[in-house]
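Here are my notes for your first look at this model. Please read them with the structure open beside you.

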Amino acid sequence: MKLWLSTSFALILAASLLAQAKGDTIFQQTFKKLHSEPPVPVNQQRVDQVETLWIEQKLDHFNDEDTRTWQMRYMLNDALYESGGPLFIFLGGEWEISTGRITSGHLYDMAKEHKGLLAYTEHRFYGESKPLDDLSVESLEYLSVKQALADLAHFIRTQKANYAGLADSKVIIVGGSYSASMVVWFKRTYPDLVAGGWSSSAPLYAKVNFVEYKEITGQSIAQVGGSACYNRIEKGISELEQLLADKRGAEVKALLKLCEPFDVNSDLDVWTLFSEISDIFAGVVQTHNAGQIEGVCDKILSEPDDLVGVTSYLLGVFEQSGGKCNDLSYKAILSELLETKYTGNIMRQWIYQTCNEYGWYQTSGSSNQPFGTKFPLTLYTTMCADIFGEKFSNEFITNQVWDTNEYFGRLEPGVYDIHITHGQLDPWRAMGIQDESLELVATVIPDYAHCKDFGSISDSDNEEMRDSKLAVAELVRKWVQ
């Protein structure tokens, strides 16, 4: 495998440049859906003037001899602020920040009540926050959550020291998904810098083989879309697997309009295909709004049989990339992940973090899910080594994940004054606090998915959603006293 990688490197880079010229590939479309900025609340306050600003950060906060610095982007909304009011910070994760996050929603409403200053920080190596000129392995050594938390600590200290009226202000931090994990981990690491935090959809337990993700994805499809939909997806994917087992791979390529380089006899190609299929369904569930899962199930069930139902739906998704055929080979995804220039595609950065800190590989290792057996852990660990080097072995990844859990306390992080929420449909909740821990209680909101609780309190909220928003508002009143 390593020999193939070296001899085909020029071809891979050429394919990568071609993919960039055509716009988002199927892989990029799916990845963006699963790793985009949490949904921006509606009812934006367009009159608010949001400033885009920059703050100098150390490249390496943990090496006093390294004096290199870089400029981190952040946004400020002072429309509601009065001197002495609290500082509310929404933490950026693996996405590009936008003004809408701090001009509406429940966070905005709480800032309005307390005459607070709203800030939105961008995570190093994402968006326009570029500590170094490229995304080489050497550069990515400075991409870690510990460095990002130190960036935030410096940001808070600097704002309180220099922004008029903030010196004695309380600080409230808020985040969704990965940045929700950062909320909890920041309170653990820098407890004196924040009064409290709101953590929505936070995975806190790092795990290499994250089989629970696809289990909950399937459960949510069955709950919302019905058992007939679940069964059709399971049977349709099983039929695709059986066609390959029966040496009828040409039929699979024709059904899914796969590009010619796809090798039906290559484990890595087959695993990449089925991983992408499962992730497409995961994107439907993780981003679910009322009617979304139901609409997909209606399409799948409208076809005459299981195989046609699944493949016709997938073709509809594939066609959004605009390609004449669908390149879902291992070489195709590797070409994107080997790109070391900043292109707006954040796949390389996030995959690096999973290889170096978290794991969270959403594999087919459980039979209690409908997406088949063809995306094993080996696909993802092989990818780590092929992208970032042989150092990223199975043993290395396992040890790094263990270190993350050891440092941040697993599901008992030892923190207080954090409001934790999960959507009951969200597959990520399996890696978060769901019941009472020794320090924290999580609110699991029925019928909602990932990061769906940032909007203002409204009549469309169910009882649990409304109660959760009221609870965090009451906690903030206590924290800012």
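1. Is arginine 410 buried, partly exposed or exposed? Arginine 410 counts as partly exposed, because its relative accessibility is 29%. The terms work like this: buried means under 20% relative accessible area, exposed means over 50%, and partly exposed lies in between, with a 1.4 Å probe and protein chains only. Arginine 410 sits in the loop between α17 (394-408) and β9 (418-423). Its phi is near 55°, a positive value in a residue other than glycine.

2. Some ground rules. This is a predicted model, where local features need pLDDT of at least 70 and side-chain atom pairs count only at pLDDT 80 or more, while totals for chains, interfaces and linings use all residues. Residues are numbered from 1 along each chain as its sequence is written, and side-chain values use heavy atoms, leaving out hydrogens and water.

3. Confidence next. pLDDT is the predictor's confidence in each residue, from 0 to 100. The chain has a mean pLDDT of 94, and 94% of its residues reach 70 or more. Look at residues 1-21, though: pLDDT stays under 50 there. For that stretch the model has 27 contacts beyond four places in sequence. Contact means heavy atoms within 4.5 Å.

4. Cysteine 451 also has a positive phi, near 55°, and is not a glycine. Cysteine 451 lies in the loop between β10 (442-445) and α18. Is cysteine 451 buried or exposed? Cysteine 451 counts as buried, because its relative accessibility is 2%.

5. Now the helices. Helices (H or I, at least four residues) and strands (E, at least two) are DSSP runs, numbered from the N terminus. Helix α16 covers residues 377-388, 12 residues in total. From first C-alpha to last it reaches 17 Å, close to the 16 Å expected at 1.5 Å a residue. The expected span is 1.5 Å times one less than the number of residues. α16 is mostly covered, with 10 of its 12 residues buried. Among them are Leu379, Tyr380, Met383 and Phe388. Just after α16 comes glycine 389, with a positive phi of about 115°.

6. Helix α11 (residues 267-286) has 20 residues. Its reach is 28 Å from first C-alpha to last, close to the expected 28 Å. How many residues of α11 are buried? The count is 19 of its 20 residues, so α11 is mostly covered by the definition of buried used here.

7. Check how α3 meets α15. Helix α3 (residues 26-35) and helix α15 (residues 347-358) pack at about 60°, with axes 11 Å apart. Axes are lines fitted to C-alpha atoms, for helices over the stretch in contact, and angles run from 0 to 180 degrees between N-to-C directions. The crossing is left-handed. That word applies if the near helix is turned anticlockwise from the far one by less than a right angle; clockwise gives right-handed. Phe27, Gln28, Phe31 and His35 of α3 meet Met347, Trp350 and Ile351 of α15. By class, the residues of this contact are five nonpolar, two polar and no charged. Nonpolar covers Ala, Val, Leu, Ile, Met, Phe, Trp, Tyr, Cys and Pro; charged covers Asp, Glu, Lys and Arg; the others, Gly among them, are polar.

8. Then see α4 and α18. The axes of helix α4 (residues 105-114) and α18 come within 11 Å and cross at roughly 35°. This crossing is right-handed. His106, Met110, Glu113 and His114 in α4 meet Lys469, Val472, Ala473, Val476 and Arg477 in α18. The contact has four nonpolar, two polar and three charged residues.

9. Serine 468 is also in helix α18 (residues 463-479). Serine 468 is buried, because its relative accessible area is 3%. Beyond four places in sequence, serine 468 touches His419, Thr421, Thr443 and Ile445.

10. Leucine 118 is in strand β4 (residues 117-121) and counts as buried at 0% relative accessibility. Its C-alpha is 6.2 Å from that of isoleucine 102, 16 residues apart along the chain. Leucine 135 is in the loop between β4 and α5 (137-140). Leucine 135 is buried too, with a relative accessible area of 1%. Leucine 135 and lysine 341 are 206 residues apart in sequence, yet 6.0 Å apart in space, C-alpha to C-alpha.
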